[in-house]
Amino acid sequence: MNKINFYLLEYAYSYILRHKNKNIFIVTVFTLLVALLATLFFVTSSLRYELKERIANQSDIIIQNYKAGMPAAIDVSVLDKLLEIEGVTAGKLEVQGKYYFRPKESTFYLLGVDAFEMQDDPVVAKLLEQYELSDSEMLVSKNVQDIMNQAYYKEYFNFIKPDGSLHKVSIKASFDVGERVELKNLIIMSKDTLREIFGYSADEGSDIALSVANKNELEFISSKIRLLLPNAKVTSKDDLLLEYEKLFDYDSGVFLSLFVIALFTFFIIIYDKANGLSSEEKREIGILKAIGWCVEDVLHAKFYEATLLSFFSFTLGLGIAFVYVFVFKAPLLGAIFTHENMLEIHNFQLNIHIELSYILLIFLLSVPVYIAATLIPSWRVATLDADEVMR
Amino acid sequence: MIKLKNVSKIYGKNIKALQDISLEFGEGELIVLKGVSGSGKSTILSLIAGLSKPTMGEVIVDGKKISKLPDHFAASYRRDNIGIVFQKYNLIPELSVEENVLLPLFPLNLPRELMRQKAKRVLEMFSIAHKSSLMVRNLSGGEQQRVAIARANINDPKIILADEPTANLDEKLSCEFIEILRELKSKNRTIVVATHDPLFFELDFVDRVINLEHGKLL
Ligand SMILES: Nc1ncnc2c1ncn2[C@@H]1O[C@H](COP(=O)(O)OP(=O)(O)OP(=O)(O)O)[C@@H](O)[C@H]1O
Ligand SMILES: [Mg+2]
């Protein structure tokens, strides 16, 4: 069995073609199952990778103030207290937040900047080198500009403040976010302007970002801060990582039901196969034995048959998933992964990032199972006396 | 050459297909097994081919106890020594004539050129070479039988077993088949034909006609 027998391979191939209808059904179900699983794994491994990269760009610890269980402004005086904690090397008061624009049902992401501060994000840093923002100006992403244009805001935009009055900010320029899809709804303006829009006083911000010298101390310092500020929400990089991991618990109903259906059908195929061969299939095995094939030869051919079919389906399913996820960026899949944390797939680039262990898992779940399901009934028939063919 | 020693074959609990049969055929003999339907003709052929095992007794071919061979050896015994022409031809309709003829050799993984030569030889021998690339499904009954005979001879077997070879043929084709048998016999093949076609009972080159009834010799 160590050398490929091309005669048996051709025989197996023609056998598949001769039972076209049945095999088309099997290939369809098999491919669908593999494609479904692979899509899930491609998307998650790609998201996971991207999230980790994003987290890497973030501040080590973020502190938000809560009042009566609701996010609230945080005072700059807190920052002074935090900077005294040992191990904290730097910190800044940030002004940023979401802004829901109802007419277009869009959520903008407003970032307040200070020309004197270092910017962590290279995209923002580059923009600030390019443009000097006055207090009545902002930079908007191309996507935000489109949305505003649709609402007939071409030169400026009116933000609604907490007290209901309007605050007008003019659009200085728009920028391209390139591959950084997570920035597609970004608006950049000065911190003071944003404070005005959010109704903060001059000493307040939305959160405080800290840098920590030793990343192993993240947890320790976080707990210290929690003691110091009982009303604050303290999120470290580690916490974010953990939270994102939880997103991949696949508790989504849509995916699960699709998966169950495909799996169910797959097991019907297995069951059907294990239940025995048709009389025509039995007769053919009888003929082969009568003309001098031994049981091993029959199984050899059947092995090729099952291998051809399952490898073909496996590769096809994998290919479909690859094109669907990485070329077409998973259209229609957004809803499936949307979690309470609003992790929307289309806010990600879905760059090719594949974890081989998952592919191996799909392979082991399908191909050997199918081969065994083909071989076992054939073996049972082949070991019987072949005198049926004489009748 | 072929020896059946006190052979009985019982199917299920009490379908006695053969009862205590003893027979001996010599090399190069042409034997006709005769009897009504259900008398046990096909069963004898199956036993000689090693396709089934006797319930009692022994089948010995060329000094080998066929009735005791494990599958692997029974298969190569069949491939090297036995050519069977089935009543229903038992070809694979969707394969070409050449592929059908070569099917017994597929597991051997021989070089392509050798395979082609072997196919050419038998296809020419039984005058069906001109159809070698056609699908068997598209052949007439007589042509299909030629393919079946060619397949049975692909390995130059010493023994040819034919089960009701003329049941599906008209008289002209039956006569052609008999001519083929004559030729095979002239090559010193041992031939066993199971039939109730009277054409065979009068032939000058038949060595023996064996009469079966209810699994017993008459
Ligand atoms: N696999 C089997 N299971 C049960 N009974 C069988 C089996 N094979 C043969 N028989 C029975 O054994 C008897 C002999 O069958 P066999 O096929 O040898 O007859 P035959 O002489 O070849 O008949 P025919 O002319 O119809 O081909 C019959 O009664 C048949 O029903
Ligand atoms: Mg019969």
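A residue is taken as buried when its relative accessible area is under 20% and as exposed when that value is over 50%, with partly exposed in between. By this criterion Glu58(B) is buried, because its relative accessible area is 18%. The model in which this residue is described is predicted, and the values reported below are computed from it.

The side chain of Glu58(B) meets that of Lys68(B) in a salt bridge, with an N to O distance of 3.8 Å. Glu58(B) belongs to strand E4 of chain B and Lys68(B) to the loop between E5 and H2 of chain B, so the pair ties together parts that are ten residues apart in sequence. In contrast to the buried Glu58(B), Lys68(B) is exposed, at a relative accessible area of 55%. Both residues take part in a network of salt bridges that also links Lys5(B) and Lys65(B).

The size of an interface is often expressed as the accessible area lost when the parts come together. Between chain B and chain A, about 2,700 Å² is buried, 57% of it on carbon and sulfur atoms. Chain B supplies 33 residues to the contact and chain A supplies 29 residues. Polar contact across the interface of chain B and chain A comprises 14 residue pairs, both members being at pLDDT 80 or more. On the side of chain B that touches chain A, the elements giving two or more residues are strand E1 (2–11), helix H1 (41–49), helix H2 (71–81) and helix H4 (112–125) of chain B. Of these, H2(B) gives the most, with five residues. Two salt bridges are counted between chain B and chain A. A salt bridge joins the side chains of Lys289(A) and Asp71(B), at 3.3 Å from N to O.

Helix H2 of chain B also contains buried positions, namely Ala74(B), Ala75(B), Tyr77(B), Arg78(B), Arg79(B) and Asn81(B). The cover over these residues includes helix H10 (279–290) of chain A, along with H1, strand E4 (56–61), strand E5 (64–65), strand E6 (82–85) and strand E7 (159–163) of chain B. Arg79(B), with a relative accessible area of 14%, is buried, whereas Asp80(B) is partly exposed at 38%. The side chains of Arg79(B) and Asp80(B) meet in a salt bridge of 3.7 Å, N to O.

Over all chains, the count comes to 30 salt bridges. Within chain A, Glu137(A) forms a salt bridge with Lys172(A), the closest N and O atoms being 3.5 Å apart. This pair links distant parts of the chain, with Glu137(A) in strand E7 (residues 137–141) and Lys172(A) in strand E9 (residues 166–175) of chain A, 35 residues apart. Glu137(A) is buried, at 18% relative accessible area, while Lys172(A) is partly exposed, at 37%.

Gln96(A), in strand E5 (residues 96–101) of chain A, counts as buried at 17% relative accessibility. Its side chain is joined by polar contacts to those of Glu94(A), at 3.1 Å, and Tyr109(A), at 2.4 Å. Beyond four places in sequence, the residues touched by Gln96(A) include Leu110(A), Leu111(A), Leu194(A) and Phe198(A).

On the surface, Tyr13(A), Leu17(A) and Leu308(A) form a nonpolar patch with about 280 Å² of accessible area together. Leu308(A), a residue of helix H11 (residues 295–327) of chain A, is partly exposed, with a relative accessible area of 31%.

Notes: Residues numbered from 1 in each chain as written. Chains lettered and ligands numbered in written order. Predicted model: local features only at pLDDT ≥ 70, side-chain atom pairs only at ≥ 80, totals over all residues. Heavy atoms only, no water. Patch = residues over 30% accessible without salt bridge, like charges linked within 9 Å, V, L, I, M, F, W, Y side chains within 5 Å. Areas by Shrake-Rupley, 256 points an atom, 1.4 Å probe, with all protein chains shown as cover. Salt bridge = Lys/Arg side-chain N within 4 Å of Asp/Glu carboxyl O. Helix = DSSP H or I, 4+ residues; strand = E, 2+ residues; numbered from the N terminus. Buried < 20%, exposed > 50% of the residue type's maximum accessible area, 1.4 Å probe, protein only. Contact = heavy atoms within 4.5 Å. Buried area = accessible area lost by both parts, 1.4 Å probe. Polar contact = N/O pair within 3.5 Å; in protein donor to acceptor, adjacent residues only side chain to side chain.
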